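Work through the exercises below with the structure open. Try each task before reading its solution.

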Amino acid sequence: MTAPASTAPARTAPRAGPGPGPSPVVPRMLTGDRPTGRLHLGHYAGSLANRIRLHRQYESFFIIADLHMLTTKNSPQDIAAVGRNATDMVLDSLAAGLDPGHCVFYLQSGVPEIAEISLLLSSLVTVPRLQRVPSLKEMAGHAGQGEMPLALLGYPVLQAADILAVMATAVPVGRDNAAHVEVTRELARRFNRRYGEVFPVPALVPADVPSLPGIDGRAKMSKSLGNAIYLSDPPAEVAAKVRRMYTDPARTTAGVPGTVEGNPVFVYHDVFNDRPGEVAELKARYRAGTVGDAEVKQQLGAALERFLGPVRARRARLAADEGLVAGLIVAGTERTRREAARTLAEMRAAMGLGAALAGFRRAARTPAR
Ligand code: TRP
């Protein structure tokens, strides 16, 4: 699923070079989320850890996709919560390890050029093609919408506009978003073929980790299911959630041999416990029926605290730095707006869209006889 090298050149670091001559080509990455709230361990395992690992190798853009949010959640209350939610997401991301010096965070609705880019791209894709994107029907269902809103059908096109607006070459996303990146690649190729080489064809960087189960044992940790441990949960809350975690239901007493595979307590141990020897020993004793669930959970709680403690402390320090996150988002949005305006101008030029109006302007200046 990785991309072949693109024919269009990646955008060079704009106006960033030390002087004359070509700037070095810095590969650019874009990913991000809709602003729905604080991040939890599922976000960390599924995408944040991958972003933290990758982001220094790229010029890294992180979108706060509030226009995408509108496709399923558009009440005035939903919209009023964008500021708080965006702040929480950026704080959580920085606390977990993203380096603010290597990140451009931006608010999608603050870059109106993206909407025009999306409109121009929408002529290059058919309705049936979009109807085949599996995630959209699912999202419509979740939002309680029996019929597909036009904006939701256009979700992948808007995402393509995000990606192409900054000429990203790498897009790390989970399985649910892979089809959207595929639509982006098709749109980039189609635009280039029809109007001339403008876009690099971005590569999907698959974050192929299985989703983290919830504390209730359901397949996915999610805010809406109420089964999440948040990166910002205080220690007592983490401990309480671990204590009530779902575990092997067949195990009525500590003496009964238990199942480790698929047991969420051990899934979390595998992902978050930094002491593999301890995990191996607990597994062996669990299978043999020589350790109680309480002890396994107690060790998990301690491991999570070793991970979350420093994250919580960094978050508190960042949050105390008033205006820090706001400043990052304002600067990032302005930066992205310059990129998107440049891309839009290149698209319109390649398409010849400005020609008619330019002609009218010339003709209008011609003095009438
Ligand atoms: N669709 C992503 C989500 O599931 C958010 C998003 C919007 C995105 N634009 C993007 C991700 C561009 C990667 C690249 O919330």
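**Exercise 1: Salt bridges**

Task: How many salt bridges does the structure hold, and what does the one between aspartate 33 and arginine 51 join?

Solution. The model is predicted. Apply the cut-off: a side-chain nitrogen of Lys or Arg within 4 Å of a carboxyl oxygen of Asp or Glu. The count comes to 26 salt bridges. Now take the pair. Aspartate 33 and arginine 51 bring their closest N and O atoms to 2.9 Å, and they form a salt bridge. Aspartate 33 belongs to strand E1 and arginine 51 to helix H1 (residues 41-54), so the pair ties together parts that are 18 residues apart in sequence.

**Exercise 2: From E1 to E2**

Task: In which sense do E1 and E2 pair, and over how many bridges?

Solution. Strand E2 covers residues 59-64. E1 pairs with E2 in the parallel sense, over 6 bridges. For a reference point, find methionine 29: serine 60 in E2 stands opposite. The chain leaves E1, passes through H1 and reaches E2. This β-α-β crossover is right-handed.

**Exercise 3: From E4 to E5**

Task: Which helix joins E4 and E5 in a β-α-β unit, and what is the hand of that unit?

Solution. Start with the strands. E4 and strand E5 (residues 203-206) run parallel and are joined by 4 bridges. Valine 173 faces proline 206 of E5 across the pairing.

**Exercise 4: The ligand shell**

Task: Which elements each supply at least two residues of the shell around the ligand, and which side chains make polar contacts with the ligand?

Solution. Count the shell: 15 residues surround the ligand, with Arg34, Tyr155, Gln159, Asp162 and Asn177 the closest. Sort them: 7 are nonpolar, 5 polar and 3 charged. Strand E1 (28-33), helix H9 (155-165) and strand E4 (170-173) each supply at least two.

Then check polar contacts, using N or O pairs within 3.5 Å:

- Arginine 34: a side-chain N or O atom is 3.0 Å from a ligand oxygen.
- Glutamine 159: a side-chain N or O atom is 3.0 Å from a ligand nitrogen.
- Asparagine 177: a polar side-chain atom is 2.8 Å from a ligand nitrogen.

On its own the ligand has 370 Å² of accessible area, and the protein covers 95% of it.

Technical notes. Residues are numbered from 1 along each chain as its sequence is written. This is a predicted model: local features need pLDDT of at least 70, side-chain atom pairs count only at pLDDT 80 or more; totals for chains, interfaces and linings use all residues. Side-chain values use heavy atoms; hydrogens and water are left out. A residue is near a molecule or strand if one of its heavy atoms lies within 4 Å of it. A polar contact is a pair of N or O atoms within 3.5 Å; within protein, one must be able to donate a hydrogen and the other to accept it, and residues adjacent in sequence count only if both atoms are side-chain atoms. Accessible areas come from the Shrake-Rupley method with a 1.4 Å probe; for residues, only the protein chains shown count as cover. Ala, Val, Leu, Ile, Met, Phe, Trp, Tyr, Cys and Pro count as nonpolar, Asp, Glu, Lys and Arg as charged, and the others, Gly among them, as polar. Two strands pair if DSSP finds at least two bridges between them. A crossover is right-handed if, with the strands pointing away from the viewer, the path from the first strand over the helix to the second runs clockwise.
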